[in-house]
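Please keep the sequence and the structure in view while reading.

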Amino acid sequence: NQLNQNVENWDRNAINMAAQRLDTVTSELQESIMSTRMQPISVVLDRFHRLTRDMARKLGKSVALSLEGEEVELDKSIIEKIADPLTHLVRNAIDHGLEPVDERRRSGKSEQGTISIKARHEAGHVLIEVADDGRGISIERVREEAIKRGLLERARAEELSDKELLRFIFTPGFSTARE
């Protein structure tokens with residue numbers, strides 16, 4: 001209203017002051033709205049304790065879950081969108097990443113495998129890292145599966161770097177699991 005009145009009177013100084021006040025109020029309003037939408041990532045991470053325990057029991061594996069950065073905040077809509085992909089990553093880590101207890105023992109590892117999820121701020125972004133201390137991904141199995149599925153010809157598959165081959169694991173339906 002002040003801005004409209006000052007425009008009618010064409011009072012430049014008053015218009016500038018009203019515009020600055022409007023800018024301040026708008027910024028405060030935006031900040032307030034954004035803060036109500038922000039939630040700690042623990043909202044999604046906390047469910048992985050039970051998931052890990054249940055899957056480990058089902059598969060006969062011993063698994064410890066390590067969480068870091070639960071206080072990192074994200075917009076509620078982003079938290080909703082990352083829940084399923086994170087669940088998929090954790091399930092894959094337990095099912096395919098961590099070896100069975102006897103295999104871990106034979107390779108000199110602790111019987112208990114570890115899955116870690118770390119969230120952190122970096123350069124204006126939130127990074128979420130999911131890792132396990134399992135045997136890792138077999139580059140040869142990825143190469144063979146990509147060839148078998150017709151995604152690559154053998155000659156081209158031999159030329160690709162490990163990093164390039166690993167990108168195939170993000171192809172929908174792609175898996176190196178035997179079952």
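In this predicted model, Phe48, Leu51, Thr52, Met55, Ala56 and Leu59 of helix 4 are in contact with Ala83, Leu86, Thr87, Val90, Arg91, Ile94 and Asp95 of helix 5. Sorted by class, this contact of helix 4 with helix 5 is made up of 9 nonpolar, 2 polar and 2 charged residues. The axes of helix 4 (residues 48-59) and helix 5 (residues 76-97) come within 10 Å and cross at roughly 30 degrees; helix 4 and helix 5 are therefore roughly parallel to each other, and their crossing is right-handed.

An open sheet is formed by 3 strands in the order 2-4-5, with mixed pairing. Strand 2 (62-68) and strand 5 are at the edges with a single partner strand each, so one side of each has no neighbour in the sheet. From one strand to the next, the twist averages 10 degrees.

Strand 4 (residues 112-122) pairs with strand 5 (residues 125-132) in the antiparallel sense over 8 bridges. In the hairpin of these strands, where 2 residues lie between them, alanine 123 takes a positive phi near 50 degrees. Glutamate 122 has histidine 125 in strand 5 as its bridge partner, while arginine 120 stands opposite leucine 127 in strand 5.

Both helices also lie across strands of the sheet, as the table sets out.

| Helix | Strands it lies across | Angle to one strand |
|---|---|---|
| Helix 4 | strand 2 and strand 4 | about 165 degrees to strand 2 |
| Helix 5 | strand 2, strand 4 and strand 5 | about 20 degrees to strand 5 |

Methods
Residues numbered from 1 in each chain as written. Predicted model: local features only at pLDDT ≥ 70, side-chain atom pairs only at ≥ 80, totals over all residues. Heavy atoms only, no water. Axes fitted to C-alpha atoms, helices over the stretch in contact; angles between N-to-C directions. Helix = DSSP H or I, 4+ residues; strand = E, 2+ residues; numbered from the N terminus. Parallel < 35°, antiparallel > 145°, perpendicular 65-115°, else oblique. Left-handed = near helix turned anticlockwise from the far one by under 90°. Contact = heavy atoms within 4.5 Å. Nonpolar A, V, L, I, M, F, W, Y, C, P; charged D, E, K, R; others polar. Pairing = 2+ DSSP bridges.
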